[in-house]
Amino acid sequence: MKGKPRVYVRMLLSYVGRLVIPTAGAVSELEESLCREAGTKMLMALEEKHRDWNPERDSILQGGTEAYGRAEVTHIPIICGDYFFVEGILRLLGKGFIIW
């Protein structure tokens with residue numbers, strides 16, 4: 001899409017990152033290792049490039065997008081992306097739990 005700004009699906013990435021980090025015993029040992037590695041890479045990419053821990057801001061993950069093609073809902077705070085991001089981090093730390 002030449003000439004158009006890139007729009008990243010940060011909420012989706014945080015959701016998938018959190019999903020692929022399985023809870024203990026949910027999958028085989030090999031699958032758990034592969035899932036943990038993939039989820040870690042996704043969450044680390046978000047943490048390195050798109051997070052803002054400033055409590056004065058409305059969200060941790062910056063530049064969320066509710067829907068493509070609608071400028072008014074592009075690069076906005078989307079709190080459920082933050083939820084999935086934090087849940088993924090907690091799972092990596094072995095402190096995961098399901099809230100919803």
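## Close-up views of a predicted model

**View 1. Glu47 and Arg51 meet in a salt bridge, their closest N and O atoms 2.5 Å apart.** A salt bridge here is a side-chain nitrogen of Lys or Arg within 4 Å of a carboxyl oxygen of Asp or Glu. Glu47 is partly exposed at 21% relative accessibility, and Arg51 is partly exposed too, at 32%. (Buried means under 20% relative accessible area, exposed over 50%, and partly exposed in between, with a 1.4 Å probe and protein chains only.) Before you move on, please note that this is a predicted model, in which local features need pLDDT of at least 70, side-chain atom pairs count only at pLDDT 80 or more, and totals for chains, interfaces and linings use all residues. Residues are numbered from 1 along each chain as its sequence is written, and side-chain values use heavy atoms, with hydrogens and water left out.

**View 2. Asp52 and Arg57 form a salt bridge, with 2.3 Å between the closest N and O atoms.** The whole structure holds 4 salt bridges.

**View 3. Within helix H2, Glu37 and Lys41 lie 4 residues apart, about one turn of the helix.** H2 covers residues 29-49; helices (H or I, at least four residues) and strands (E, at least two) are DSSP runs, numbered from the N terminus. An α-helix has 3.6 residues a turn, so residues three or four places apart point the same way. The side chains of Glu37 and Lys41 join in a salt bridge at 3.5 Å, N to O. Glu37 is partly exposed, at 43% relative accessible area, while Lys41 is exposed, at 56%.

**View 4. Helix H3 runs from residue 79 to residue 92.** (The expected span is 1.5 Å times one less than the number of residues.) Buried residues of H3 include Gly81, Asp82, Glu87, Gly88 and Arg91. After the helix comes Gly94, with a positive phi near 75°.

**View 5. Trp53 and Phe85 come from distant parts of the chain.** The structure has 2 aromatic pairs. One of them is the tilted pair of Trp53 and Phe85, at 6.0 Å centre to centre with 35° between the planes. This pair links the loop between H2 and strand E1 (64-65), where Trp53 lies, to Phe85 in helix H3, 32 residues apart. Phe85 is buried at 0% relative accessible area. The rings of Tyr83 and Phe84 have their centres 5.3 Å apart and their planes at 70°, so this pair is edge-to-face. Rings of Phe, Tyr and Trp (its six-membered ring) pair if their centres lie within 6.5 Å; planes under 30 degrees apart count as stacked, over 60 as edge-to-face and the rest as tilted. Tyr83 is buried at 17%, as is Phe84 at 7%.

**View 6. Ile89 of helix H3 touches Leu43 and Trp53, leaving aside residues up to four places away in sequence.** Contact means heavy atoms within 4.5 Å. Ile89 is partly exposed, with a relative accessible area of 26%. The C-alpha atoms of Ile89 and Met44 are separated by 9.2 Å, although these residues are 45 apart along the chain.
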